[in-house]
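Colleague: Could you take me through this model, side chains as well as overall fold? Here it is for reference.

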Amino acid sequence: MRKTPHQTTVANGRDPHEAPAGTPGRPFGRGLWSMALTELWERYSFYGLQGILSFYLLYALADGGLAMAPAVAAGIVGAYGGAVYLSQIFGAWLGDRLVSPQHMVLSGAIVITIGHLVLAFIPGFAGLGIGLVCIVVGTGALKTNITSIVGFVLDQNPDERYRDAGFSYFYMAINIGAVVGPLTTGLAQNELGFHYGFGLAAIGMVAALVQYRVSMKHLPERARIVNNPLPPNRRPLVVIVGLVFVAAVGAGVATGLFRAENLSTVVTVAALLAATAYFLTMTTSPAVSSDERRRILGYLPLFLASGVYFGFLFQKFTALSILIMERIDLHIGGWTFPVAWITTVSPLALVLITPFIARMWNTLGQRQPGPGAKFAIGLTQIGCAYLFLLIISKASGDADIPLILILLFMIAAGSSEVFVGPIGLSLATKIGPKKFRSQMVGLNFLTLALGSSLAGLLGQLFTAIDDASYFTLPAVCGIGIGLALFAARGPVGRLLETGLER
């Protein structure tokens with residue numbers, strides 16, 4: 001007997017009124033937009049906090065801050081950012097081996113929400129420490145797994161030309177949250193105080209949690225499955241390793257081995273070791289084919305370049321926050337321009353340019369530049385942005401830098417991310433070995449860990465040398481690495497395409 005349309009719909013597990021993923025009218029399906037909205041609110045909370053965190057550490061006690069020395073504040077902010085992304089390799093592993101990506105995201109959202117509420121309601125160093133640790137742990141569970149789910153959604157569409165465009169729209173949602181978060185928390189901090197800003201970040205995370213819980217039923221079946229289950233007899237070993245790790249961190253803090261001044265160094269070393277372990281594990285695993293191994297090797301130079309790129313971009317939370325405090329005139333008549341709004345210009349520029357770039361990738365199709373060339377454009381652009389800042393610094397001498405000039409720098413630096421961030425996400429879900437898909441996404445997020453901790457180290461360097469000498473470093477390195485990547489785009493591209501259908 002032939003199935004009726006209704007029976008076919010039920011058998012396929014799809015809403016009869018919803019166009020399937022991959023149809024011309026809805027090339028991305030409902031799942032992408034659901035995940036994009038969840039990530040928008042999660043990033044609202046994350047960047048809403050990040051936008052005012054540096055200033056919370058730097059401001060005097062009378063102004064509601066913690067009055068830390070600039071070098072110490074830069075180290076903490078860099079280490080926190082690095083730890084957030086470093087924790088994601090553990091989240092990726094758990095999402096591959098023990099818990100389904102869908103439930104990892106849900107658990108992570110709950111823990112992040114707790115962290116933001118602690119920051120909002122518990123003042124001083126206790127609230128800071130507990131809140132940041134919760135956010136680190138929760139984000140580790142959420143970020144790589146939600147990105148893997150987006151990859152599962154886009155895998156349902158056989159038309160490869162939509163992949164980079166789909167990730168660009170997902171990345172745009174991330175950066176809408178990154179824009180609106182600091183705009184609102186920065187205004188709340190400026191007018192009412194830091195803890196009101198932290199409270200808004202907590203509200204954003206509650207919205208992310210609710211949005212995700214509602215959208216779970218629309219996710220692909222793969223999101224509910226553990227891809228590479230760990231044998232039951234090895235699970236006690238995982239518990240033991242976890243307890244040893246927690247004990248080691250606690251001992252390091254108690255003995256003074258881990259201090260605020262050296263946290264960025266510790267996280268940078270940890271990120272490099274984790275990346276090395278990942279690359280070695282995947283390239284030597286018998287479950288990885290020779291074609292997959294060549295793609296991983298092709299990704300290595302892009303991984304390193306991306307880590308450096310984000311180190312330069314994330315200086316808006318470290319060195320540039322100190323610069324804003326020391327040399328930017330924030331007064332407009334009788335009103336003070338919120339400090340968090342300056343860093344918000346960076347993701348705003350990215351949000352505004354993303355639709356045009358995504359449309360360009362769609363239009364060019366197979367003729368669009370490869371990942372190596374796109375990364376090269378991003379690095380060269382951010383290097384030129386720092387060259388502009390170097391010229392400003394030299395021209396102004398010891399005088400204050402006009403607000404409009406630092407905003408122009410943020411536009412130039414922030415818009416360059418469209419050539420690196422979403423391309424790296426898309427690439428990780430495309431070239432990753434079948435048995436290490438979530439962990440390949442985790443490896444990609446390690447570039448953000450390296451970038452964040454590197455930004456902390458650079459922020460500490462900024463306090464030790466003059467401005468002109470300092471800004472020469474990212475200007476020369478950004479342009480130089482960009483040109484080198486562009487020259488190597490051919491062989492890198494061929495390695496990345498090994499064994500993939502065009």
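Colleague: Is Trp 335 buried, partly exposed or exposed?

Modeller: This is a predicted model, in which local features need pLDDT of at least 70, side-chain atom pairs count only at pLDDT 80 or more, and totals for chains, interfaces and linings use all residues. Residues are numbered from 1 along each chain as its sequence is written, and side-chain values use heavy atoms, with hydrogens and water left out. Buried means under 20% relative accessible area, exposed over 50%, and partly exposed in between, with a 1.4 Å probe and protein chains only. Trp 335 has a relative accessible area of 32%, so it is partly exposed.

Colleague: And Phe 337, buried or exposed?

Modeller: The relative accessible area of Phe 337 is 12%. Phe 337 is therefore buried.

Colleague: How many aromatic pairs does the structure hold, and which kind do Trp 335 and Phe 337 form?

Modeller: Rings of Phe, Tyr and Trp (its six-membered ring) pair if their centres lie within 6.5 Å; planes under 30 degrees apart count as stacked, over 60 as edge-to-face and the rest as tilted. The structure holds 27 aromatic pairs. For Trp 335 and Phe 337 the ring centres are 6.1 Å apart and the planes stand at 75°, so the pair is edge-to-face.

Colleague: What is the geometry of the pair Tyr 470 and Phe 471?

Modeller: Both Tyr 470 and Phe 471 are buried. Their pair is edge-to-face, with 75° between the planes and a centre-to-centre distance of 5.5 Å.

Colleague: Which residue lies over the face of Trp 361, and which over the ring of Phe 486?

Modeller: A charge sits over a ring if NZ of Lys or CZ of Arg is within 6 Å of the ring centre and within 35 degrees of the ring normal. Over Phe 486, 3.9 Å from the ring centre, is the charged end of Arg 489. Over Trp 361, at 4.1 Å from the ring centre, is Lys 374.

Colleague: Where does Gln 368 lie, and what does its side chain contact?

Modeller: Gln 368 is in the loop between helix 12 (339–364) and helix 13 (371–396), and counts as buried because its relative accessibility is 17%. A polar contact is a pair of N or O atoms within 3.5 Å; within protein, one must be able to donate a hydrogen and the other to accept it, and residues adjacent in sequence count only if both atoms are side-chain atoms. The Gln 368 side chain reaches the backbone oxygen of Gly 365 at 2.9 Å. At 2.5 Å, it also makes a polar contact with the side chain of Lys 374.

Colleague: Why is helix 11 largely enclosed, and how many residues of helix 15 are buried?

Modeller: Helices (H or I, at least four residues) and strands (E, at least two) are DSSP runs, numbered from the N terminus. Helix 11 (residues 319–327) is largely enclosed by the rest of the structure because seven of its nine residues are buried, among them Leu 320 and Arg 327. In helix 15 (residues 421–431), which is mostly covered, the buried residues number 10 of 11.

Colleague: What radius of gyration does the protein chain have?

Modeller: The chain comes to 18 helices and two strands, and 55% of its 502 residues count as buried. The radius is taken over C-alpha atoms, and the globule rule is 2.2 Å times the number of residues to the power 0.38. A compact globule of 502 residues would be near 23 Å, which agrees with the chain's 22 Å.
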